[in-house]
Amino acid sequence: MVANALESEGVEEIIKIEGGDNEEELFSDEYLRQLDNIKMPNTKIQMLQKLLKKAIGALSKVNKMQGVDFSKKMQALVERYNEREGNTYTGEEFAEIAAAMTDLIYEIKKEFNAGDELGIDFEEKAFYDILKALAAKYEFSYPEDKTLLLAKEIKKIVDDKANYADWSKRDDIKAELKVDLIILLGDNDYPPVDRDEIYQEVFSQAENFKKNR
């Protein structure tokens, strides 16, 4: 097993995944190519799973909603892999699961730049996503241009509150954040329906974002 790992150049990559946190390195095509060279099917899938967890963790620090969505996708793949217990997988079946995990990693990688086409940055897209998701969840329409503008304005408010290093221990700062967001959403007629839980979900995303600044 050691000989096979050395032959595949997998050992060095395994060490990096265990201890590395450089997102650009983890997402690089070369990094994934090295993983693909690992000959042992179980080891390859375990390493891909570790990489997925790191990638989703990095995404979740900014975009809580996308982090939850990708976590569910990863869990579905892990469950599919674990169903092998009591069965013997063929090399082709292992390859299919490894390919699905790799594709999911590329999806996450793409998400970090998904706001470019919308004219917003990665952090602003976190708020854009929650605004769009809430509109779909509670079945109301809201103009695209106003959604983009509102996402940018929400980020400005959160950035302002994040300037306080001790914000997490100050109830007054948390209260100010909620009040400022309520006023901003109200001024922009969002949401056009009376649902208090919508505000709570926006607050949750804002708090998550501010916590990881």
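**Salt bridges and a helix**

Guide: E201 and K137 form a salt bridge, and their closest N and O atoms are 3.0 Å apart; the term stands for a side-chain nitrogen of Lys or Arg within 4 Å of a carboxyl oxygen of Asp or Glu. The model is predicted, so local features need pLDDT of at least 70 and side-chain atom pairs count only at pLDDT 80 or more, while totals for chains, interfaces and linings use all residues. Residues are numbered from 1 along each chain as its sequence is written, and side-chain values use heavy atoms, with hydrogens and water left out.

Visitor: Which helices do E201 and K137 lie in?

Guide: E201 lies in helix α11 and K137 in helix α8 (residues 122-137), so the pair ties together parts that are 64 residues apart in sequence. Helices here are DSSP runs of H or I with at least four residues, numbered from the N terminus.

Visitor: Is K137 buried or exposed?

Guide: K137 counts as exposed, at 52% relative accessibility, whereas E201 counts as partly exposed at 25%. Buried means under 20% relative accessible area, exposed means over 50%, and partly exposed is in between, using a 1.4 Å probe and protein chains only.

Visitor: How many salt bridges are there in the whole structure?

Guide: A search of the whole structure finds nine. One of them joins the side chains of K73 and E107, at 3.3 Å from N to O, and this pair links distant parts of the chain, with K73 in helix α6 (residues 64-82) and E107 in helix α7 (residues 91-111), 34 residues apart.

Visitor: New topic: which residues of α10 are buried?

Guide: They are I173, L177, L181, L184 and L185. These residues cover an arc of only 100 degrees around the axis, which puts them on the same side of α10; the arc is that of the directions from the helix axis to the C-beta atoms.

Visitor: And what covers them?

Guide: The cover includes α9 (144-161) and α11 (196-211), where contact means heavy atoms within 4.5 Å. The face of α10 turned away from its buried side carries the exposed residues D171 and D187.

Visitor: What span should α10 have?

Guide: At 1.5 Å a residue, the 17 residues of helix α10 (residues 171-187) should span 24 Å, and its end C-alpha atoms are 24 Å apart, which agrees. The expected span is 1.5 Å times one less than the number of residues. Just after α10, D189 takes a positive phi of about 55 degrees.

Key. Helices (H or I, at least four residues) and strands (E, at least two) are DSSP runs, numbered from the N terminus.
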